[in-house]
Amino acid sequence: MFMHLAQTAKPKIETANKPLLNLSRRGFVGAGTGLALAVTLGACSQNKPETLAQAAAPIPDNSNIDIGPLVLISIAADGRTQITNPRSEMGQQVITTVAQMIADELDVPWDDLFIKQAVGDKKYGDQNTDGSTSVRNHFDRFRMAGASMRQMLTQAAANEWGVDISECTSELGVITHSSGKTLTYGDVSEAAGKLDVPAEDTVTLKTRSQWRYIGKDKPSYTISDVIRGKGTFGIDVRVPDMLYAVIARPPALFGKVKSLDDTAALAVPGVTQVVKMKEPEGEAPGFQQLGGVAVIATDTWAAIQGREALKIEWDAGPHKNYNSKTYAQELMATARQPGENKFKRGDVTKALSSAETMISADYYAAHLSQSPMEPPAATAQWTGDNVEIWACTQNPQAAQSTVAQICGVPDENVTVHVTLLGGGFGRKSKPDFVVEAALLAREVGKPVKVTWTREDDIKHGYFHSVSAQHMKGGLDKDGNVTAVLHRTVFPSINSTFGPSDQGSDFELSLGATDNPWNVPNMAVEVGKANSHIRIGWLRSVANVYHVFANQSFAAELAHAAGKDPKAFLMDIIGPDRIIDFSKDGVTYPNYGASLDEHPVDTKRLKAVLDKAATMAKWGRDVPKGHGLGIAVHRSFLAYVATAIEVAVDADGNISFPGIWSAVDAGTVVSPDNTKSQIEGGTLFGISNALYGEITATNGAVDQSNFPDWRVMRMAEAPHVFETHIMESEAPPAGVGEPGTPPAAPALANAIFAATGQRLRAMPLLGQNDRLDMSKVGEG
Amino acid sequence: MVQLTVNGKAQKIDIDPETPVLWVVREQLGLVGTKFGCGASLCGACTVHIDGEPVRSCVTPLSEAEGKDVTTIEGIAAPDGTLHAVQEAWIKHQVPQCGYCQSGQIMSAVALLKENANPSDEDIDSAMSGNVCRCGMYTRIKAAIKTAAKGA
Ligand code: FES
Ligand code: FES
């Protein structure tokens with residue numbers, strides 16, 4: 001009775017470039033009619049399933065399955081099931097994960113799935129692939145979509161047999177009546193397409209024990225392409241007749257071209273044109289292009305050569321006096337002064353002055369670059385007033401609306417195809433590079449691909465904020481913490497979008513005002529800071545520096561109290577409880593999730609801490625020069641503790657005998673992938689902590705490529721990396737970012753344990769990527 | 001006009017012979033599996049084999065490949081589609097996250113195993129340290145290389 005054709009067909013990824021699109025169409029020609037379930041994922045709010053709107057529409061007779069952007073799931077008469085993935089794939093395996101959620105409730109054979117990548121369209125609801133949200137914000141609605149479709153198919157079979165739906169069951173694409181007769185989903189897909197989408201309260205989701213794909217490891221959908229060099233990334237897009245562009249951007253933000261001599265550039269073979277870019281408007285860069293001069297050529301190399309031959313004199317612009325060294329001193333001076341209170345419990349000033357022991361520490365963390373392995377790249381092609389775009393964007397709707405706005409066309413004239421992303425880490429949420437491609441393609445009158453070189457990426461990014469923090473802590477005579485003051489100063493992400501002279505409540509809630517310590521007197525204060533380069537978000541955002549400071553400081557307090565850092569950490573987290581930060585005067589956004597569904601639970605926090613310590617065999621004797629450090633934090637609703645063993649040799653070289661992480665991310669859809677994300681997130685954090693430093697002189701970023709913007713390499717990677725996922729039935733939490741925050745403080749704490757040297761400034765390593773061994777033993 | 005063989009196929013390329021092999025394979029031949037990551041021999045994303053030797057194609061002018069055999073990631077599997085042991089191991093360990101560095105990682109790993117069928121951790125570190133993975137999949141890459149070595 002199985003009518004599926006697709007058992008023979010391997011799951012196929014359709015990336016967004018044109019040739020592949022055509023291929024997929026061919027795949028469905030002759031497939032006959034079937035059901036296409038249109039789902040409005042709506043202006044998304046939290047975990048609520050959105051209304052399944054738009055009655056199911058039969059697939060038109062011409063059997064072209066590609067019936068428009070609204071279709072989330074469709075089933076052809078031959079049983080092949082197409083899922084449209086609205087989220088951007090940047091390595092987190094979201095294509096596979098979305099398919100797991102939908103196909104589980106739909107209950108179809110995994111090998112019958114065919115995945116199509118959605119274009120940017122508000123009708124999909126939130127497509128911004130950022131904030132570790134793809135599962136935590138969409139788990140219910142993706143499952144509801146699959147379950148609704150399954151119910152319609154079952155109803156259609158019941159109708160055909162003239163029986164009640166309660167007498168029918170469905171499994172793996174086959175509907176069975178209690179009498180034993182069967183129909184496949186494909187058999188009834190056309191009839192089901194004529195039914196109304198059932199009301200949500202009439203649809204039953206599976207119980208956990210019935211899950212077929214959720215919580216199981218499914219191989220990555222993209223892997224078979226990736227290992228053959230076949231996936232299409234943003235930088236790989238090719239359209240007929242296209243030209244290639246690279247851009248010389250102003251060295252400092254809002255700098256301008258004073259004079260340009262392009263004679264030599266135009267003489268480079270292959271260079272066809274030199275174009276002055278439109279300058280950004282206003283005082284906030286937002287997602288605008290940066291201005292400068294573009295070189296257009298028949299291949300990328302010629303464009304790069306052409307750019308080198310440009311003679312440009314720049315007007316340095318309003319940020320020409322930005323020198324990150326002096327700026328860092330100013331930030332630190334501000335952090336030592338009282339700031340605006342954002343968290344108030346008890347009386348910190350009094351408690352500190354009456355403390356038996358008072359310690360204080362200043363922490364610093366430099367600007368960072370996301371530097372995804374694939375630099376930004378976008379291709380645009382205009383037809384009249386309509387533009388088609390292919391880009392490695394984390395946020396296709398923002399790309400669409402920003403292009404529309406800057407080019408002066410309505411949103412609907414802009415189609416954004418999302419390619420695979422060679423990493424994102426927050427950089428590709430900002431569509432400035434997409435705007436550049438659209439502007440240039442219109443100017444040139446041909447399709448244009450803009451490629452950012454690595455130098456462009458590192459010099460002209462949206463940088464992770466630099467920060468200075470000052471912490472004070474008081475201990476009583478028994479070594480109990482009586483008071484903690486945390487002051488933080490950093491230029492805000494908000495400064496990229498409008499006037500801002502202080503870190504926002506949102507950024508403070510990432511690691512500062514969400515401090516779970518059970519300390520009777522606590523305060524968090526924020527000081528003023530202006531920005532002079534584009535500030536943007538990077539994997540785990542402000543958690544990076546805040547958690548570096550307070551999880552390092554916890555170990556410093558433990559040291560002052562003469563206690564074991566892990567036991568001390570358990571103690572200051574205190575008894576099992578649900579924390580309500582509003583009692584301390586904090587407006588706590590909780591990563592956009594409701595506190596009812598995702599409470600801040602100290603029991604879960606301590607459980608991961610205990611687990612990571614156990615995995616690392618905390619308390620064991622380690623060889624000379626080795627040290628164990630630990631840190632724990634809740635971010636993006638997930639609880640992660642990481643223990644790191646470092647080995648430091650006599651020259652100050654660091655290596656990692658082992659790293660152990662425990663993660664409680666609630667319900668996990670994709671276990672191995674979750675582990676992979678925790679590994680990657682941790683190494684990202686360690687790489688930044690060891691080497692990461694973007695500096696600026698006269699408004700221009702000093703670093704340019706991987707030698708001076710240093711990242712972790714194979715020889716520096718840990719020899720052992722173990723991740724444990726805690727069993728949990730809590731709603732899903734994020735997994736892409738939460739691995740990063742505990743990494744830096746666990747590392748600094750491990751270095752302290754190994755050497756007695758307390759490092760309070762990131763990057764931790766000095767000259768030649770080594771520890772400064774002259775300071776060993778200094779607390 | 002520069003003549004060379006790419007993945008077993010003879011090619012004639014009419015472009016400035018100073019153009020790096022990276023851009024030639026990507027843009028003249030449409031073999032986009034070889035990636036651009038730094039353009040300066042610093043990340044390994046562009047690794048290809050020339051006469052069996054791994055090279056960074058972003059700094060290798062086309063003129064240097066004249067008359068030689070170039071293999072890119074697209075040419076690593078057998079002509080009948082059978083995957084190389086390294087590719088199989090990459091699947092087994094689910095190595096890639098974004099995958100962008102992985103063409104280069106695989107090309108370096110294939111070259112390493114050809115030289116050294118049973119590499120130690122240190123051998124792997126030194127052969128692979130030119131290949132950056134910003135997604136941080138080093139532990140998996142190392143494990144996969146060992147699996148491939150056993151299978152080979
Ligand atoms: S692109 Fe060639 S080594 Fe980085
Ligand atoms: S898998 Fe993304 S850079 Fe290596």
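## Helix contact in chain B

Val86(B), Gln87(B) and Trp90(B) of α2(B) meet Gln102(B), Ile106(B), Ala109(B), Val110(B) and Leu113(B) of α3(B); contact requires C-beta atoms, placed from the backbone, within 7 Å. By class, this contact has six nonpolar, two polar and no charged residues (nonpolar: Ala, Val, Leu, Ile, Met, Phe, Trp, Tyr, Cys and Pro; charged: Asp, Glu, Lys and Arg; polar: the others, Gly among them). Helices are DSSP runs (H or I, at least four residues), numbered from the N terminus.

The model is predicted: local features need pLDDT of at least 70 and side-chain atom pairs pLDDT 80 or more, while totals for chains, interfaces and linings use all residues. Residues are numbered from 1 along each chain as its sequence is written, and chains are lettered from A in the order in which they are written.

## Helix geometry

The axes of α2 (residues 85-92) and α3 (residues 102-115) of chain B lie 9 Å apart at an angle of about 125 degrees (lines fitted to C-alpha atoms over the stretch in contact; angles from 0 to 180 degrees between N-to-C directions).

## Chain interface

The contact takes 46 residues from chain A and 45 residues from chain B. On the chain A side, α5 (223-226), α7 (300-309) and α17 (671-691) each supply at least two residues, with the largest share, six residues, coming from α17(A). The side of chain A that touches chain B comprises 23 nonpolar, 13 polar and ten charged residues.

Terms used:
Contact = placed C-beta atoms within 7 Å.
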